[in-house]
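Have the structure open as you read.

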Amino acid sequence: MTSAPNTSTAAAPIHAAIAGEALIDLIRRADGSYLPCLGGALYNLCRALARQGVGTQYLNPLSRDRFGRELAAQLVADGVVLAQPEPVQQVTSLAVVNLDAHGHPDYAFYREGVADRAVSEAGLGGSCAALPALQLVCTGALALDARDTAIYLPWLAAQRAAGRCVVVDANLRPSVMPDLAAYRTTVHAALAHAHIIKASDEDLEHLAVPGVDALARAQHLLAANPQAHLLALTLGAEGAWLLHRGGAQCFAKEAQPLQVVDTVGAGDSFLAGLLAHLLRQSQAAGVASFAQFVGGLTAGACQQALRHALASASLCVMEQGCVPPGWEATTQRARSNPPSER
């Protein structure tokens, strides 16, 4: 179930703290059996960031069951620091994943009384307060369940007030939410705290954002969230956009079709590549505040980061399950396979 480790970032200062689900993806195979893979959008993001050379901490607890031990072991192998290294009694979340003919996943989640939800706003905040080099925090996906509002929304507000860059990955799962209207409300409330928003074309449809197409909806969403500096719009095989409040609009798409195995973790790898590249740009520029750096991004800086993010996602979809690429492999692909741009 685990993939090759990358431990080069184990001693790195913690620049990113991630809160959200860690679970087991049970991926249906052609013969009807299910392959268990380590997963969860925020769990995948942790691994992907660490493999991209970012010092990363995972904030939620993990179970003492077999799956929880494997989830923890892979995070540690990738160089992720566990905020709560002691396992908890609650079981690990499960996701049953069925893939269509194009490798796109459909999910059914089992998340009642599970380990990754055994967390509090005070616990998240306390873990972040102990990280002096922390530059960004991120959540999204299943953590935006309306039933967990009291945990994540106050935490996001506090992290923004503390000067950290807030990243929210909408990554909606409407089919598993009992109250879709409440879910939409919670997602929009989380986006209102974000400096960086990531959303797919499907996310924008589920959120009922107005617009004639995905780009117009993304433009509307950025305008509707005046505290946001940057919005990343992913379009699957059709590429991705970066929209900056300063007016920059960058697009990139793979120039040649990919050999797609499945798309599990592609969006998570995209976001990790984007954040890793922006963090390196910020460090190279000597800017103390990552949030301020993102606010002043140029069109050229956006385009470079988008190329790296696209390459990261492309490498992921050519593997089964989520196997996030490292910094060097992603950089090499971005260099050797330049995307189509506008």
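The side chains of Glu70 and Arg66 come together in a salt bridge, with 3.1 Å from N to O. A salt bridge here is a side-chain nitrogen of Lys or Arg within 4 Å of a carboxyl oxygen of Asp or Glu. Both residues sit in helix H2 (residues 66–78), 4 residues apart, or about one turn of the helix. Helices (H or I, at least four residues) and strands (E, at least two) are DSSP runs, numbered from the N terminus. Arg66 counts as exposed because its relative accessibility is 53%; exposed means over 50%, buried under 20%, and partly exposed in between, using a 1.4 Å probe and protein chains only.

Keep in mind that this model is predicted: local features need pLDDT of at least 70, side-chain atom pairs count only at pLDDT 80 or more, and totals for chains, interfaces and linings use all residues. Residues are numbered from 1 along each chain as its sequence is written, and side-chain values use heavy atoms, leaving out hydrogens and water.

Now look at Asp116 and Arg111, whose closest N and O atoms are 2.3 Å apart in a salt bridge. Are these two buried or exposed? Both Asp116 and Arg111 are buried.

Another salt bridge joins Arg147 to Glu112, with the closest N and O atoms 3.4 Å apart. Arg147 lies in the loop between strand S8 (136–140) and helix H4 (149–161), and Glu112 in the loop between strand S7 (105–110) and helix H3 (121–129), so this pair ties together parts 35 residues apart in sequence. Arg147 is partly exposed at 45% relative accessibility, while Glu112 is exposed at 60%.

Salt bridges with shared partners also link Arg47, Arg51 and Asp78 into one network. Across the whole structure, the search finds 11 salt bridges.
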